[in-house]
Amino acid sequence: MRPTLRLLSEEERARVATAAFDLLERVGVKLTEREARGLLAAAGARVEGDRVTIPASLVEEMIDSAPVSISIYTRDGELAMELGGMSACFGAHTDAPDVLDPLKGERRPCSEADVGRHAVLIDGLPNIRFTTASGMVADRPQAVADRVALAQCLIHSRKPVLAMPITSEAVADSREMAALVVGGEDALRDRPNLIIYAEPVSPLSHPDESTRKLLYCAEHEIPLVYTPYAAMGATAPMSPAAITAQLCAESLSGLVVHQLKRPGAPFVFGGMASVMDMQSTIFSYGAPEFQRGNTLMSEMAHHFELPNFGTAGTSDAQVLDGQALLEVASSCAVAYLAGANLIHDVGLLGNATVVMPSMIVVTDQTVEMLDHLFGEVEVSDEALALDVIEEVGPGGEFVTHQHTYRHFRDVWYPELLFRGGADAWAASDRHTFEQRVEIRTRELMEKHQPDQLPEDVSRAIRAIVTRAEEDDA
């Protein structure tokens with residue numbers, strides 16, 4: 001047994017799904033990419049001007065076509081994540097213009113070297129399952145920054161990568177780079193270590209570039225996340241039910257095109273639903289509405305039986321403080337219980353403007369705690385220990401009993417939390433939790449040694465970046 005969080009009944013989920021289907025059938029989406037429009041028209045959708053309306057029957061058929069789970073691997077071919085069901089896999093994020101540098105304690109623009117250091121950090125954290133390459137690299141040309149970031153992730157970590165290429169050409173380069181790491185295109189298809197991110201634009205619009213990325217990933221069977229994000233009161237109605245239905249319609253309309261291009265290609269459903277804070281006009285990454293919206297989208301993914309994209313480990317705080325810890329911990333617990341599968345944005349704070357590597361370390365510890373808190377409770381003869389209680393009897397002690405010796409390691413012993421008493425605290429260096437986190441972050445970034453790629457592979461990856469830079473010149 002594993003505890004779960006549900007905000008909607010089965011009937012309510014079905015009603016939201018029906019609302020999403022109705023939106024696609026009555027309102028439709030804005031779509032101008034020629035191949036996608038042709039696929040939809042041939043399948044029975046109505047194409048009029050830049051508007052495409054999609055029959056509910058076609059949406060349901062394409063949902064059934066998509067896989068219910070997706071296996072993602074390390075660059076060595078080991079299974080890293082199984083996306084589907086109630087699995088919860090947390091990964092970091094670098095999609096922010098700034099970084100709060102734990103080595104110097106300053107906030108500044110994110111650099112290529114920062115992305116490499118973050119990849120090293122993530123490689124050394126056992127509960128952070130994937131790294132990300134978003135292209136927010138200020139010291140390289142923006143036209144190739146996405147590939148610069150991916151190169152750093154592939155070279156400095158064996159973990160799978162969620163890449164955010166800006167153009168369809170960048171998607172092709174990303175595929176080529178990932179194939180170099182795993183030993184060729186066939187190996188990449190069989191044991192993918194790369195996931196591509198693309199998004200529609202709320203409300204109900206599919207930019208040509210997003211659609212081309214979607215089609216390319218379907219054709220080459222690259223796992224694709226196709227997820228919109230919207231803010232209640234800004235790009236969606238001021239209603240949790242309405243924004244959920246709208247986001248479902250946006251992601252599902254992408255799924256239809258994707259599956260028409262190649263049935264069975266790996267697709268990750270999702271949507272980020274938050275609120276525009278009317279006091280500050282920001283899209284909040286820490287509000288309870290944000291966490292609730294992400295939970296509702298996870299629930300709808302389970303309703304459709306699709307792998308889903310989640311968000312956690314985020315906060316609106318600008319520094320590592322109590323607000324950051326509160327919002328990060330609560331978002332991780334909610335995502336874990338809701339069964340969000342591919343959970344991104346760990347360490348993204350300040351309204352999605354700053355990466356805090358130290359919060360990635362905090363989340364690693366948080367996820368480990370959640371694994372123990374919400375793990376299976378064994379109820380066997382050994383676990384009930386009636387014979388042990390009988391043997392010890394009233395007034396006895398269990399410290400010296402063999403049962404305690406067999407099981408005391410079952411307890412979680414945290415690395416970063418202090419459990420000593422007052423005397424131990426007085427005799428210690430009296431570092432706060434935040435200080436212990438900063439120390440651990442610096443240690444990993446400076447001392448962790450990831451497994452190295454062969455030098456010829458690293459050179460070939462960098463050569464792709466150089467080629468893209470020359471093509472853009």
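This is a predicted model: local features need pLDDT of at least 70, side-chain atom pairs count only at pLDDT 80 or more; totals for chains, interfaces and linings use all residues.
**Notebook: cavities and helix packing**

Residues are numbered from 1 along each chain as its sequence is written, and side-chain values use heavy atoms, with hydrogens and water left out.

**Cavities**

I searched the whole structure and found three cavities of 30 Å³ or more, a cavity being a set of points, on a 1 Å grid over the protein atoms alone, where a 1.4 Å probe fits but cannot get out, with lining residues having an atom within 4 Å of a point. A volume is the space filled by probe spheres set on the points, which are joined across faces, edges and corners.

The largest cavity has a volume of about 80 Å³ and is lined by 14 residues, of which Gln291, Asn294, Thr311, Ser331 and Ala335 lie nearest its centre. Two or more lining residues come from each of H10, strand E17 (308–311) and H11, and H10 gives the most, with five residues. Helices (H or I, at least four residues) and strands (E, at least two) are DSSP runs, numbered from the N terminus.

For the second largest cavity I noted about 70 Å³ of space. Helix H7 (residues 185–190) gives the most to its lining, with three residues, and the lining divides into five nonpolar, one polar and four charged residues.

**Helix packing**

I then followed H10 (residues 288–304) to H11 (residues 322–338), and their axes come within 9 Å and cross at roughly 15 degrees. Axes are lines fitted to C-alpha atoms, for helices over the stretch in contact, and angles run from 0 to 180 degrees between N-to-C directions. H10 and H11 are therefore roughly parallel to each other (angles under 35 degrees count as roughly parallel, over 145 as roughly antiparallel, 65 to 115 as roughly perpendicular and the rest as oblique). Gln291, Thr295, Ser298 and His302 in H10 meet Glu327, Ser330, Ser331, Val334 and Ala338 in H11, where contact means heavy atoms within 4.5 Å.

Last, I looked up helix H1 (residues 10–27), which packs with H10 at an angle of about 85 degrees, the axes being 10 Å apart, and this makes H1 roughly perpendicular to H10.

Key: On a 1 Å grid over the protein atoms alone, a cavity is a set of points where a 1.4 Å probe fits but cannot get out, and a pocket is an open set with protein on both sides within 12 Å along at least five of seven lines; lining residues have an atom within 4 Å of a point. Ala, Val, Leu, Ile, Met, Phe, Trp, Tyr, Cys and Pro count as nonpolar, Asp, Glu, Lys and Arg as charged, and the others, Gly among them, as polar.
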